[in-house]
Protein chains: 2
Amino acid sequence: VSSRWIDALFAPASVAVYGASRQEGKLGHTLLRNTVSKGFTGTVVPVNPAGGEILGRPAVTSLAAPVDLALISVPARRAPDAVADAARAGCRVAIVLSSGFGEAGGDGRALQDELLRIARDAGMRLIGPNCMGVLAHLCDGAWLDGTYFWAVPTQPGPVTFMSQSGAFGGMFFSEARKRGLGLARFVSLGNAADVTGTDVLAELADDEATGVVAMFVEGIADGRRFVEVARRVAARKPVVVLKGGKGQAGARAAASHTGSLAGRHAATQAAFARAGVIEARDSDAFFDAVTAAASDLPASRGPRIAVLTISGGPSVLAADAAERTGLALPAPREATLARLRPLVPDFAALGNPVDLTPQCPPDAYEPAMRAVYDDPGYDGVVAINCGLDVAEFGAGVTAARAATGKPTVAYLLDVPTVEETVRRAGIPVFTSPERAVQGYALGAGR
Amino acid sequence: VSSRWIDALFAPASVAVYGASRQEGKLGHTLLRNTVSKGFTGTVVPVNPAGGEILGRPAVTSLAAPVDLALISVPARRAPDAVADAARAGCRVAIVLSSGFGEAGGDGRALQDELLRIARDAGMRLIGPNCMGVLAHLCDGAWLDGTYFWAVPTQPGPVTFMSQSGAFGGMFFSEARKRGLGLARFVSLGNAADVTGTDVLAELADDEATGVVAMFVEGIADGRRFVEVARRVAARKPVVVLKGGKGQAGARAAASHTGSLAGRHAATQAAFARAGVIEARDSDAFFDAVTAAASDLPASRGPRIAVLTISGGPSVLAADAAERTGLALPAPREATLARLRPLVPDFAALGNPVDLTPQCPPDAYEPAMRAVYDDPGYDGVVAINCGLDVAEFGAGVTAARAATGKPTVAYLLDVPTVEETVRRAGIPVFTSPERAVQGYALGAGR
């Protein structure tokens, strides 16, 4: 078994599935099916009191040899036996996905304490209970999917995501798919009886697969240590946090949901700021911040932008958003205009936005865009294209950006060819003109 | 030909397409193909100087008999001849889709004046120039698509949408598809040389097909008349407006884009408020407001809401958003708790959010939801479900809402069965938990 618990969690060689079920629709069936179906090449051992064969694999009633990772999906009252079995066999990490523990109060609290005691006595780390499991990119598109999820995105990339909430994990996965966000690892922390978000975060500073950390937290029990750890990680890679339970009602809900003490939000916010963590206001802003952080957008970007477009109305909205967020929209310099005028139609609007117009010949895109990128009055560019899916647009933006190194963000609508080129170049693509500008502004002046 | 110009525009019996082209990829080809391909059963006459046959229809070089609506897609310098031909034949309305007029300055301005003079002399109304055309639901899923668009949604419904910007029309259509918004009519106004947004708006007060008016405007030339007309329409149906060109840069861009004088935004905002128009801050807020207005959500809704869910984390975010927007989240009353407790698991969180938990038996959803809806402490409900696509959830929400009449909004993720039931009942579905709450709050206290 792995010597480090974090390797056993994110790169296990062997996995046991307690509560593996033959019956479709049961969570224990989904869990086993997910585990064996995404290219995981290690050993997978179903554990079921009835034995027999499940999804073509012989089930054992008790683990005979240790595995790196035990996934436990059994009713709460039977979870202590499963955890004890995994601990006795010498497993490194157990994830209890089942619910009915600390978040349920009463007996649940005692059951959770029992799980923790068994795990600690054996030196086994415990994830959960009351969580959605783990997802990790292993190599070459092979994944370990040890989750309850109905669907997970399997585009590899730099984002490691932690969530106390399972359902928010679903929201994240859905957005990741829409935005083409690539994932490295995901773990759902649930009640965090043993392993906390801070524990995982501490291991991510040196994790080469993780380029960006994204966290949804409802409460941070070990606030002082979190700030210390987060500061260390945030110095090396972006850490984006969404905090649920900011107000009183939200905090009460968080308490009954994952048993978290959400605490006073002003204090939490100050702690995030001290730690250098990017805190998002709501879920949309969280996904925007992760989209920006997961791209090649440099952390430091100046406030003077050009909105470069062939789509008038959406660019007017981008200009409005730029002014709201304190970015500057200077007009192109005379030398830039002199380069642009012979390339674009007479009626092209060469203010800022720089609107080449849909009538601009596609072979003029690249030199025209290069003229704008070359203008020393601009620190960065917001590229906007609605519906004109000509390859030259994507080629023009990526070439001019590569030549000048100027930070670029994009809003693209119904232009799949352009979008693929732009994404492949590491340019973040947002879901509205205003969000593209806000995504740029997030890091402006840093 | 129709006696009222607005009928000729939105329900024409006959259409001419000037500049109809045989060549795929040309706008004049797209326009003709769109016109004949969405179930329009009236006469369609291609007009082309070369004559011949286009898409199986004989083309004429000049119109011999009047049609209701002339769609004109020819180079700017040839547009006056086309408009003159349509006027001479006795057409009721001409839409000039081509660009290179007022928005281009110089000769373009003179050309636009000429179009206007020809149309006015003949008593023909002119839409555009520099626009994307018209889309109208005729009956039973048959549409007139007289647009340049690469794709338009064809789900019939109550929303009539006007846009000065063509590309923003594309954004609207894309969102309408994602959100299942049903359309009645769309017209792109472009430079609005003759027919303005105010002119169309005036005709929509009595238009039975229009339940909601959505407008994207860059400038309002006839501000005083707009306020008068908008007040009259807004008294009968919701009018939602997004104003582009709010700041200085945006206003400059709007001027070169559609030749609009965007004006000082504070004055415009005050005018919108006087008129009873709902003004959206940005494009997301605009789509949210239209989603709410196009649903069965009553205009007046009280501020005390229950967040009713089986998804913990997203509901905590909804609770946070409710507090931010000034809504109240009271706990269920004792009588409600007494009805809920026997129905849901012991560990269900019966605060507010009311989290029935994913383990709640589906046949308990309807009575449990009914208990919450019956609670006199609640004015409305925010329903949230991530990933648990059981029919009973949708049935429970719609039955309890129908029985109590309480305003309901929803956030749903990856639950197609539930979503269809909920939408069919007229409940608006938003794209995040926070947006669902904001959608409710938009009308709270009115």
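Is Thr357(B) buried or exposed? Thr357(B) is buried, with a relative accessible area of 6%; buried means under 20% relative accessible area, exposed over 50%, and partly exposed in between, with a 1.4 Å probe and protein chains only. The legends below describe a predicted model, in which local features need pLDDT of at least 70, side-chain atom pairs count only at pLDDT 80 or more, and totals for chains, interfaces and linings use all residues. Residues are numbered from 1 along each chain as its sequence is written, chains are lettered from A and ligands numbered from 1 in the order in which they are written, and side-chain values use heavy atoms, with hydrogens and water left out.

View 1. Thr357(B) has a positive phi, near 75°, and is a residue other than glycine. Thr357(B) sits in the loop between β17 (354-355) and α13 (365-374) of chain B; helices (H or I, at least four residues) and strands (E, at least two) are DSSP runs, numbered from the N terminus. Asp140(A), also not a glycine, has a positive phi of about 50°. Asp140(A) belongs to the loop between β8 and β9 (142-147) of chain A and is exposed, at 78% relative accessible area.

**View 2. Cis peptide bonds in chain A.** Gly128(A) and Pro129(A) are joined by a cis peptide bond with omega of about -5°. Pro129(A) is in the loop between β7 (125-127) and β8 (133-139) of chain A. Another cis peptide bond, with omega of about 10°, joins Asn352(A) and Pro353(A). Pro353(A) is placed in the loop between β16 (349-350) and β17 (354-355) of chain A.

**View 3. The second largest pocket.** This pocket has a volume of about 1,400 Å³. On a 1 Å grid over the protein atoms alone, a cavity is a set of points where a 1.4 Å probe fits but cannot get out, whereas a pocket is an open set with protein on both sides within 12 Å along at least five of seven lines; lining residues have an atom within 4 Å of a point. Grid points are joined across faces, edges and corners, and the volume is the space filled by probe spheres set on the points. The lining has 49 residues, of which Leu27(A), Ser99(A), Tyr148(A), Pro358(B) and Gln359(B) lie nearest the centre of the pocket. At least two lining residues come from each of α2 (27-37), α5 (166-179) and α8 (248-258) of chain A and α11 (312-324) of chain B. The largest share, four residues, is supplied by α2(A). By type, the lining divides into 18 nonpolar, 23 polar and eight charged residues; Ala, Val, Leu, Ile, Met, Phe, Trp, Tyr, Cys and Pro count as nonpolar, Asp, Glu, Lys and Arg as charged, and the others, Gly among them, as polar.

**View 4. A salt bridge between chains.** Asp284(A) and Arg435(B) meet through their side chains in a salt bridge, 2.6 Å from N to O. The pair crosses from helix α10 (residues 283-293) of chain A, which holds Asp284(A), to helix α16 (residues 433-442) of chain B, which holds Arg435(B). A salt bridge is a side-chain nitrogen of Lys or Arg within 4 Å of a carboxyl oxygen of Asp or Glu. Asp284(A) is buried at 11% relative accessible area, and Arg435(B) is buried at 9%. Both residues belong to a salt-bridge network whose members include Glu175(A), Lys178(A), Glu175(B) and Lys178(B). Over all chains, 53 salt bridges are found.

**View 5. Salt bridges within a chain.** Arg185(B) and Asp207(B) form a salt bridge with closest N and O atoms 2.7 Å apart. The pair links distant parts of the chain, 22 residues apart: Arg185(B) in strand β11 (residues 183-188) and Asp207(B) in the loop between α6 (197-204) and β12 (212-217) of chain B. Arg185(B) is buried at 12%, as is Asp207(B) at 15%. In chain A, Asp374(A) pairs with Arg370(A) in a salt bridge at 3.1 Å. Both lie in helix α13 (residues 365-374), four residues apart, about one turn of the helix. An α-helix has 3.6 residues a turn, so residues three or four places apart point the same way. Asp374(A) is partly exposed at 30%, and Arg370(A) at 33%.

**View 6. Packing around α6(B).** Seven of the eight residues of α6(B) are buried, among them Val200(B) and Leu204(B). The buried residues pack against elements of chain B including α1 (5-10), β10 (156-163) and α7 (223-234), a contact being heavy atoms within 4.5 Å.
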